[in-house]
Amino acid sequence: MSPTLIDPVARNILSEYHDEKVVQAILDEAWKRYKEIELGIPVLSQLGPTINLRLAGATLAMYEAIVNAGHNKDKALAIFRRISWAIYDKMGDLPMMVARALTSDPHGRMKLATQMFRKFPFSSPDYVMVDVPSGENVVGFDVLKCPIAEFFRSHGMQELCRETWCELDFLLAEKWGGELERTTT
């Protein structure tokens with residue numbers, strides 16, 4: 001994982017809380033910690049899940065660096081949630097752009113966009129997702145296996161996973177013109 005993707009976004013948001021010297025120290029600490037974490041991150045069978053695991057490692061490293069800069073856990077979660085959404089927001093543009101080009105039906109768009117995301121970067125066999133019977137104008141599926149959740153669980157950071165990665169799905173569904181209902185995470 002390269003700082004090129006994350007640093008500009010993180011720097012912009014962190015600068016609302018810290019001067020440039022502290023922001024740079026947070027970024028330096030995060031990437032130093034990421035290099036340690038990365039040693040334990042496997043290469044999975046598909047590119048998308050492999051990239052996601054590295055992003056999860058960067059999430060953990062950045063969160064720890066923000067906490068170490070003096071923020072309590074709730075504030076650090078709020079700050080990192082903003083950073084992660086700024087990145088995920090861009091990731092969500094392409095599937096919906098393609099879906100809009102293929103259909104004007106809002107349900108059809110949502111179905112196509114979620115199918116695309118399930119092909120990349122949330123692809124099988126590393127992720128296991130199964131369609132479930134759903135009502136009219138509903139796209140329903142269960143996530144039975146998630147390497148991101150497994151990564152955070154192995155680090156004892158399930159809350160960080162839930163409060164960042166899992167929560168992003170609600171924002172993405174809204175951006176795509178829908179509403180997410182989740183029974184469990």
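**Close-up views of a predicted model**

**View 1. The largest pocket and the elements that line it.** The largest pocket, with a volume of about 1,500 Å³, is lined by 44 residues, and those that lie nearest its centre are Phe141, Val143, Asp169, Leu180 and Arg182. At least two residues of this lining come from each of helix H6 (106–119), strand S2 (141–145), helix H7 (147–154) and helix H8 (158–175). When the lining of the largest pocket is sorted by class, 23 residues are nonpolar, 11 are polar and 10 are charged.

View 2. The structure holds 1 cavity of 30 Å³ or more, and the volume of the largest cavity is about 170 Å³. Its lining is made up of 14 residues, with Leu55, Thr59, Phe80, Ser84 and Trp165 lying nearest the centre of the largest cavity. Helix H3 (47–68), H4 and H8 each supply at least two residues of this lining, and H4 gives the most, with 5 residues. The lining of the largest cavity has 11 nonpolar and 3 polar residues, and no charged residues.

**View 3. The packing of helix H1 against helix H4.** Helix H1 (residues 3–14) and helix H4 (residues 73–91) pack with their axes 9 Å apart and at an angle of about 135°, which means that H1 is oblique to H4. The crossing of these two helices, H1 and H4, is right-handed. On the H1 side, the residues in contact are Leu5, Ile6, Val9, Ala10, Ile13 and Leu14, and they meet Ile79, Arg82, Ile83, Ala86 and Ile87 in H4. The residues of the contact of H1 with H4 comprise 10 nonpolar, no polar and 1 charged.

**View 4. The packing of helix H1 against helix H2.** The axes of H1 and helix H2 (residues 20–38) cross at roughly 145° and come within 10 Å, and the crossing in which H1 passes H2 is right-handed. From H1, the residues Pro3, Ile6, Asp7, Ala10, Arg11 and Leu14 meet Glu20, Val23, Gln24, Ile26, Leu27 and Trp31 in H2. By class, the contact of H1 with H2 consists of 8 nonpolar residues, 1 polar residue and 3 charged residues. Ile6, Ala10 and Leu14 are among the H1 residues that meet H2, and Ile6, Ala10 and Leu14 are also among the H1 residues that meet H4.

**View 5. The packing of helix H3 against helix H7.** H3 and H7 pack with their axes 9 Å apart, at an angle of about 35°, and H3 passes H7 in a crossing that is right-handed. The H3 residues Asn52, Leu53, Ala56, Gly57, Thr59 and Leu60 meet Pro147, Ile148, Phe151 and Phe152 in H7. The residues of the contact of H3 with H7 divide by class into 7 nonpolar and 3 polar, with no charged residue. Thr59, one of the H3 residues that meet H7, is also one of the residues that lie nearest the centre of the largest cavity.

View 6. Phe120 and Pro121 are joined by a cis peptide bond, for which omega is about 10°, and Pro121 has its place in the loop between H6 and strand S1 (128–131). The peptide bond that runs from Ser124 to Pro125 is likewise cis, with omega near 10°, and Pro125 is also found in the loop between H6 and S1.

**View 7. The backbone at Asn137, in the loop between strands S1 and S2.** Although Asn137 is not a glycine, this residue has a positive phi, of about 60°. Asn137 has its place in the loop between S1 and S2, and S2 is one of the elements that each supply at least two residues of the lining of the largest pocket.

Definitions and conventions: Residues are numbered from 1 along each chain as its sequence is written. This is a predicted model: local features need pLDDT of at least 70, side-chain atom pairs count only at pLDDT 80 or more; totals for chains, interfaces and linings use all residues. Side-chain values use heavy atoms; hydrogens and water are left out. Axes are lines fitted to C-alpha atoms, for helices over the stretch in contact, and angles run from 0 to 180 degrees between N-to-C directions. Helices (H or I, at least four residues) and strands (E, at least two) are DSSP runs, numbered from the N terminus. Angles under 35 degrees count as roughly parallel, over 145 as roughly antiparallel, 65 to 115 as roughly perpendicular and the rest as oblique. A crossing is left-handed if the near helix is turned anticlockwise from the far one by less than a right angle, and right-handed if clockwise. Contact means heavy atoms within 4.5 Å. Ala, Val, Leu, Ile, Met, Phe, Trp, Tyr, Cys and Pro count as nonpolar, Asp, Glu, Lys and Arg as charged, and the others, Gly among them, as polar. On a 1 Å grid over the protein atoms alone, a cavity is a set of points where a 1.4 Å probe fits but cannot get out, and a pocket is an open set with protein on both sides within 12 Å along at least five of seven lines; lining residues have an atom within 4 Å of a point. Grid points are joined across faces, edges and corners, and a volume is the space filled by probe spheres set on the points.
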